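Open the structure in a viewer and keep the selection panel at hand. The stops below say what to select next and what is there.

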Amino acid sequence: MNIFKKKEKTAASDAASAGENTQQKNSLDIFDFSGENAIIVKDVDLYYGEFQALKKINMQMPKYKITAMIGPSGCGKSTLIKTLNRMNDLVEGCRVEGEITIGGINIYDKRVDLSALRKNVGMVFQKPNPFPMSVYDNIAYGPRTFGINKKGVLDEIVERSLKQAAMWDELKDRLNKSALGLSGGQQQRLCIARALAVGPQILLMDEPTSALDPISTGKIEELCEELKNDVTIVMVTHNMQQAARISDKTAFFLLGEMIEMGDTEQVFSAPTHPETERYITGRFG
Amino acid sequence: MTKVSSTKVKDVSAKYLFIVCACLSIFAVFGIIIYILAASIPAFREVGFFQFLFGTKWQFNTDTYGVLAMLCATLVVTILAVILGGIIGVFTAVFMVFWCPDKLHIRYRGKNKSMQNFVAWMNSWLSKINLRTIFDQIIKLLAGIPSVIYGYFGIIVLVQGGLVNMDPYHRGFGVLATCIVLSIMIIPTITSLTKNALEAVPAQYFEGALAMGNTKAQAVFRVVFPAARSGIISALILGIGRAVGETMAVQMVAGGSVNFPTGFFIPIRPLTVNINMEMGEVVPGSLHESALMATGFVLLVLVLIITLSVNLVPKEFKGKRGEKVLHGTSGEVVYRKKGLIPEILKYFGMVCAAIVAIALFAVILFICINGIPNLSWGFLFGGDNYEGHSLAPAFLTTFYIIVFTLIIALPLGIGAAIFLNEYAKPGSKFVKIIRTFIDTLAGVPSIVFGLFGYLLFAQIFGKNVFAGAFTMVLVILPTIIRSTEEALRAVPMELREASYGLGASKIRTIFKVVLPSAFPGIATATVLSVGRIISESAALIYTAGMMAVASSSVSSAIDPTNMGSTLTVFMYSFFAEGLAYEEAYATAFVLLIITFVLNLIVYFIQRQVKKKR
């Protein structure tokens with residue numbers, strides 16, 4: 001069992017086989033998150049056809065922290081977050097150069113199994129996208145596709161995920177109802193619970209609150225603070241107050257380049273780059 | 001002051017005019033039901049309703065009428081055809097939407113220079129072709145081919161080419177042949193409707209599933225497919241409706257004798273075939289005629305039930321019944337890579353698409369190979385059929401019927417669409433009722449239209465081109481209303497607001513702003529209607545008439561108060577009279593070309609519209 005389709009000796013597959021020895025049954029948990037940084041982005045260039053959307057991005061996202069990415073529209077922050085679980089593979093003509101290392105493995109290696117990657121790197125989208133199924137089936141969906149069919153185990157995962165997403169009390173009596181009947185905020189938290197159900201190490205959030213009202217937004221922010229005990233969170237946000245409120249690290253992007261990254265407090269109180277200062281003080285963007 | 005009030009009067013009267021247009025579908029459906037029921041009452045009275053429905057013998061020389069065997073034949077053949085055609089059609093659609101490559105590319109790793117050049121040349125050509133579009137267009141083309149052609153294909157290729165040898169009695173006709181032909185005929189309908197349903201599923205569902213570690217096949221079959229469920233079920237139900245109502249093709253391969261469908265090679269006579277086989281020799285006003293009308297009535301009721309059941313399909317998932325109580329057990333949670341079944345289904349989809357491609361290709365090739373050698377100038381535009389054969393009279397009749405039908409149907413259909421989209425409150429009960437009736441009218445089998453036209457229009461005008469045209473108005477009305485409505489809906493609200501903002505009245509806004517922007521859609525509707533008229537046969541035989549080949553001449557066809565055969569009916573005559581198979585092939589080819597050109601026009605109109613947006 002290996003996440004690579006072909007067995008070849010590389011640094012990455014060494015890490016894989018190390019994981020294999022300790023957990024033989026599990027072919028999906030080959031990422032080794034024992035290091036300090038969950039994600040290391042190194043010299044990443046990204047092109048949509050001829051257009052270069054990301055230019056030489058270098059950054060590290062520390063484990064069990066919230067990293068916020070801010071910047072004006074079209075600066076490449078959403079593009080970057082989509083490269084972290086390779087969702088941009090869906091975009092035609094998209095080309096990535098450089099290295100993104102997650103859990104010790106370069107995820108742009110051709111032999112990486114996307115299923116394993118995305119199981120470990122969950123994603124929450126800008127618009128809540130629950131499936132047209134019941135609440136229960138939505139959350140059980142992920143585990144089911146990964147071969148868990150025992151009712152008891154599924155029940156437990158559903159309960160655990162809903163508790164983790166702090167909506168167990170709201171939803172425990174309506175598990176059989178359609179998820180589409182929930183409010184927007186509930187739908188988004190359900191999507192978070194759904195992502196948690198497959199046990200990811202990293203959670204990517206692409207403007208998770210931009211379609212929600214302030215109260216729902218507050219709930220999701222609270223939830224993020226709780227979740228960072230278990231998962232590493234990377235969040236794109238348009239809302240600078242949000243970044244300042246909940247993130248530990250903040251990265252500022254402009255026109256496809258990362259202008260600066262640092263501890264959130266430092267970035268917001270004493271930005272080193274004049275462009276950053278102009279943006280966070282609201283002079284453009 | 002007077003000016004204002006006069007525009008107001010115009011506005012209000014226009015509104016009522018549009019309402020009348022919209023209600024026409026309701027009148028038409030009720031008219032059809034009442035007329036055919038009234039005509040079948042003598043048979044129900046003489047034979048007895050239950051005796052008619054459950055009797056197993058049908059002999060018109062002894063006035064013994066029972067439709068049970070034919071009803072069973074219809075049901076069995078339809079169910080088999082929908083299982084076969086439904087599975088293949090649905091999976092073909094899945095393949096087309098998710099896996100069909102846009103471009104083909106040949107890879108060549110050899111060292112042969114001339115071969116390399118050849119491959120490069122091929123690739124430069126292939127890169128210009130969009131495979132998905134072509135597949136899509138071919139499926140649309142096949143949806144538009146007259147059913148007579150499918151029947152012909154069924155007899156020559158399917159029955160005589162293969163099934164004869166498998167049949168212990170060496171006939172080849174019967175249940176199997178019918179259900180294969182029917183499934184080929186309904187595949188285009190099912191595929192294109194399923195395709196629409198799949199494409200309407202929000203991309204977020206697909207992305208959501210992928211982001212959770214699903215493979216593409218898992219995401220497609222576990223999320224997108226269930227999400228499109230209601231649309232797929234509707235597609236299948238419409239397929240059933242089409243199969244139940246199909247007449248001409250079925251008549252050619254069913255065998256025609258009244259038997260219960262107890263085996264694959266038992267010759268059968270479905271309801272539609274029963275009507276069509278005997279209507280030609282019926283004595284007007286006889287019990288026999290009434291019994292055939294009663295057969296039509298049974299068929300109509302069957303189709304109404306099927307069409308109306310589309311409305312019972314829930315549009316979205318509303319949740320399951322009861323409450324869910326969790327009984328968690330602390331078992332070990334082990335995530336494993338899974339997903340063999342979706343992968344298998346994906347390859348099954350490819351196989352289905354290949355089958356469809358082959359079948360479609362076979363139909364087209366069959367027509368071309370047999371048709372082209374028999375074409376000649378004299379045959380196409382020669383003149384009379386007293387000696388030799390010529391399509392000229394049929395061209396003339398077809399042209400007349402198209403023109404007359406469109407002159408009547410276009411204003412009515414556009415008016416109805418205007419009411420539904422511009423005046424009616426969206427979602428109101430009235431609109432829902434009208435929509436249901438439009439859908440019902442669209443589902444009425446063409447042979448039932450034929451019977452209705454025979455009872456009403458052929459009595460008024462006599463059997464001639466006008467009676468045919470009036471019947472065709474009812475046939476194409478739903479198409480025109482729906483496509484026009486779609487086009488109107490696509491006109492942005494801002495345009496209307498801008499016009500109102502300048503003080504224009506509603507009626508002026510509609511005619512000067514909305515309709516012109518919806519023109520491409522209306523043009524599409526018109527072209528589609530032309531296609532429908534050309535491919536129609538069963539609705540025309542009893543209304544416009546079916547001329548004996550030898551007696552059809554230009555001098556007779558030039559007068560629309562005479563009987564006349566359209567191209568499709570004419571092709572059927574060639575076949576039915578059994579004398580001129582070459583000519584039938586050639587006519588089939590001409591019909592194919594016409595259908596192809598019409599589809600091409602629709603394609604270019606729609607592409608033009610897409611470019612503008």
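Predicted model: local features only at pLDDT ≥ 70, side-chain atom pairs only at ≥ 80, totals over all residues.

Residues are numbered from 1 along each chain as its sequence is written, and chains are lettered from A and ligands numbered from 1 in the order in which they are written.

**Chain A**

Select chain A, which has eleven helices and ten strands. Helices (H or I, at least four residues) and strands (E, at least two) are DSSP runs, numbered from the N terminus. Of its 285 residues, 51% are buried, that is, with 20 or more other C-beta atoms within 10 Å of their own, the C-beta atoms being placed from the backbone. Two residues are in contact if their C-beta atoms, placed from the backbone, lie within 7 Å. Of the contacts in chain A between residues at least 6 apart in sequence, 69% join residues at least 24 apart.

**Chain B**

Now select chain B, with 27 helices and two strands. Its C-alpha trace spans about 85 × 80 × 65 Å along the principal axes. Buried residues make up 49% of the 613 in chain B.

**Where the chains meet**

Show both chains. How many residues does the contact take from chain B and from chain A? It takes 35 from chain B and 42 from chain A. On the side of chain B that touches chain A, helix 8 (203-211) and helix 9 (216-227) of chain B each supply at least two residues. The largest share, six residues, comes from helix 8 of chain B.

**Two domains of chain B**

Colour domain 1 (2-36 + 376-612) and domain 2 (67-100 + 110-372) of chain B separately; the bounds come from an automatic or database domain assignment. Their C-alpha centres lie 26 Å apart. The contact takes 33 residues from domain 1 of chain B and 34 residues from domain 2 of chain B. Among the helices that each supply at least two residues of the domain 1 side are helix 1 (2-47) and helix 27 (581-612) of chain B. Helix 27 of chain B gives the most to that side, with twelve residues.

Terms used: Buried ≥ 20, exposed ≤ 12 C-beta atoms within 10 Å, placed from the backbone.
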